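Please read it alongside the model.

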Amino acid sequence: MTDKLIIFDTTLRDGEQSPGASMTRDEKLRIARQLERLRVDVIEAGFAASSNGDFLAVKAIADAIKESTVCSLARANDRDISRAAEALQGAARARIHTFIATSPLHMEKKLRMTPEQVLEQARLAVRFARKLRDDVEFSAEDGYRSEPDFLCRVIEAAIAEGATTINIPDTVGYAIPELYGAFIRNLRERVPNSDKAIWSVHCHNDLGMAVANSLAGVKIGGARQIECTINGLGERAGNCSLEEVVMAVKTRRDYFGLEVGIDTTQIVPASRMVSQTTGFVVQPNKAVVGANAFAHASGIHQDGVLKARDTYEIMRAEDVGWSANKIVLGKLSGRNAFKQRLQELGIELESEAEVNAAFARFKDLADRKSEIFDEDIIALVGDESVTSEIEHYRLIALSQGSETGERPHAEVVFAAGTTEFRAESEGNGPVDACLKAIESKVQSGAELVLYSVNAITSGSTESQGEVTVRLQHSGRIVNGVGADPDIIVASVKAYLAALSKLHSQADRISAQG
Ligand code: KIV
Ligand code: ZN
């Protein structure tokens, strides 16, 4: 057993399975780069065999990432495993993660296989994966609801075939911390070759206990890998949240006695990037990354914190990447100062063209907004008109009017590729009028399934608005994000960004599609 706790991030695979959270290849690559800056040990980049889009995303991440191990999920069959290995070919460090369900319910009803068939398939899958890669993880899907005697046999066989990591998922979020911890401990004690592999926990959050269960799996069960996602993103109630487990282990080092390699100052930028990309807003009272996580509202608390910080604070906001709302740049700041601030914020734009586009937007913003905060800059580079590889639709000009007793009216000028359109419409409100105007020309037929507005910096109506729009069309779901001090403009930008994604033909079927 080692004192190092391995952080395995599955935001791009299990997180992406959350309906509506599907990401483009470039978005995944951007997040993978942030995960590398965060220094996660393993990045599960996707499920290469599930679609061509996922294959290409895993490949792009494997080719780009140098520090973290890049992993692909694969069902326990030769085709999936070969696809995973192929996608991972360019990786500096690669892992194949193969899985099969082992619970009576899943084997009988989903796989329609006998336990002996499942055992044999697990054995063959790990054997095959080990021929292609040295680093092989085996997961017993629905492991926590599996019959322990059978599970011990499967795990023993997987380790004998060369699995280097054994993962016991609580796939449906059914576990209770003490019971899950004891379950892992029992397996480790009973499997004869258990010391030949690293044990891993993978908990879903259906009962709100994913973090507690994962920590119990480590403390009671002796697991040394936690599988988790940024912001706890994931299907249903999500996965174990990376920021919470990492900060729990760091803050309570006295109790856990474990090392984690994470650069915690990259946590908030990672949280923000994932939330912005997927449109999954972080609740204000969310531990570590929620807007209120370090806000002391009550007079007694404020007084205490001013006298001695640790009276009410167990972590420092700056240690997890919160920067005080400070004015960083102004209208007169030059390109170099802007570039340097991007570096200080850990933001790497891919090309000089992106830096130039971001700088142009910064200048534009500084003309309209007297105080520019770090959060404005982060939003500005997240704005898809700066970073998007697929900007087909682009806002050129917009005018709209609303008056008490009158129906709002909007006129929008926008480009679709090289063609310019001028569109007009009325609507229930100014945003509705703008989107109807655009639709009168584009006729996308898409359904708007989410529209949300957030103030980027709190406490002032001068703040930029950040709008997320989610569109659904023919089974595809895409998110568009736009930021602007004028929320009507932000809404139109977000809508056009989402339409651009729908317009692009790239395959975006989510991981288990
Ligand atoms: O929840 C689960 O069982 C999984 C496995 C595929 C690892 O995500
Ligand atoms: Zn899962």
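## Helix H8

In H8, the buried residues are Ala-210, Val-211, Asn-213, Ser-214, Leu-215, Ala-216, Gly-217 and Val-218; buried means under 20% relative accessible area (1.4 Å probe, protein chains only). Because eight of the 10 residues of this helix (residues 210–219) are buried, H8 is largely enclosed by the rest of the structure. Helices (H or I, at least four residues) and strands (E, at least two) are DSSP runs, numbered from the N terminus.

The cover over the buried residues of H8 includes strands E6 (165–170), E7 (198–203) and E8 (225–228), together with helices H7 (177–190), H9 (242–251) and H10 (253–256). Contact here means heavy atoms within 4.5 Å.

## Basis of the model

This is a predicted model, in which local features need pLDDT of at least 70 and side-chain atom pairs count only at pLDDT 80 or more, while totals for chains, interfaces and linings use all residues. Residues are numbered from 1 along each chain as its sequence is written, chains are lettered from A and ligands numbered from 1 in the order in which they are written, and side-chain values use heavy atoms, with hydrogens and water left out.

## Helix H9

The buried residues in H9 are Leu-242, Glu-243, Val-245, Val-246, Met-247 and Val-249. They pack against E1, H1, H8, E8, H10 and helix H11 (267–278).

## Zinc site

Asp-14 (OD), His-202 (NE2) and His-204 (NE2) coordinate the zinc ion (ligand 2) at 2.0 to 2.1 Å. Donors are N, O and S atoms within 2.8 Å of the metal (3.2 Å for Na, K and Ca); water is not among the atoms, so sites may look incomplete.

Along the chain, the donors of the zinc ion have the spacing D-x187-H-x1-H. Asp-14, in the loop between strand E1 (6–9) and helix H1 (25–38), and His-204, in the loop between E7 and H8, are 190 residues apart and link distant parts of the chain. Both Asp-14 and His-204 are buried.

## Surroundings of ligand 1

Residues around ligand 1 (a heavy atom within 4 Å) include Arg-13, Asp-14, His-97, Phe-99, Ser-139 and Glu-141. By class, this shell has two nonpolar, five polar and three charged residues.

Oxygen atoms of ligand 1 lie 3.0 Å from a polar side-chain atom of Arg-13, 3.1 Å from a side-chain N or O atom of Asp-14 and 2.6 Å from one of Thr-171. Strands E4 (94–101) and E5 (136–141) are the elements that give two or more residues to the shell around ligand 1.

Terms used:
Polar contact = N/O pair within 3.5 Å; in protein donor to acceptor, adjacent residues only side chain to side chain. Nonpolar A, V, L, I, M, F, W, Y, C, P; charged D, E, K, R; others polar. Buried < 20%, exposed > 50% of the residue type's maximum accessible area, 1.4 Å probe, protein only.
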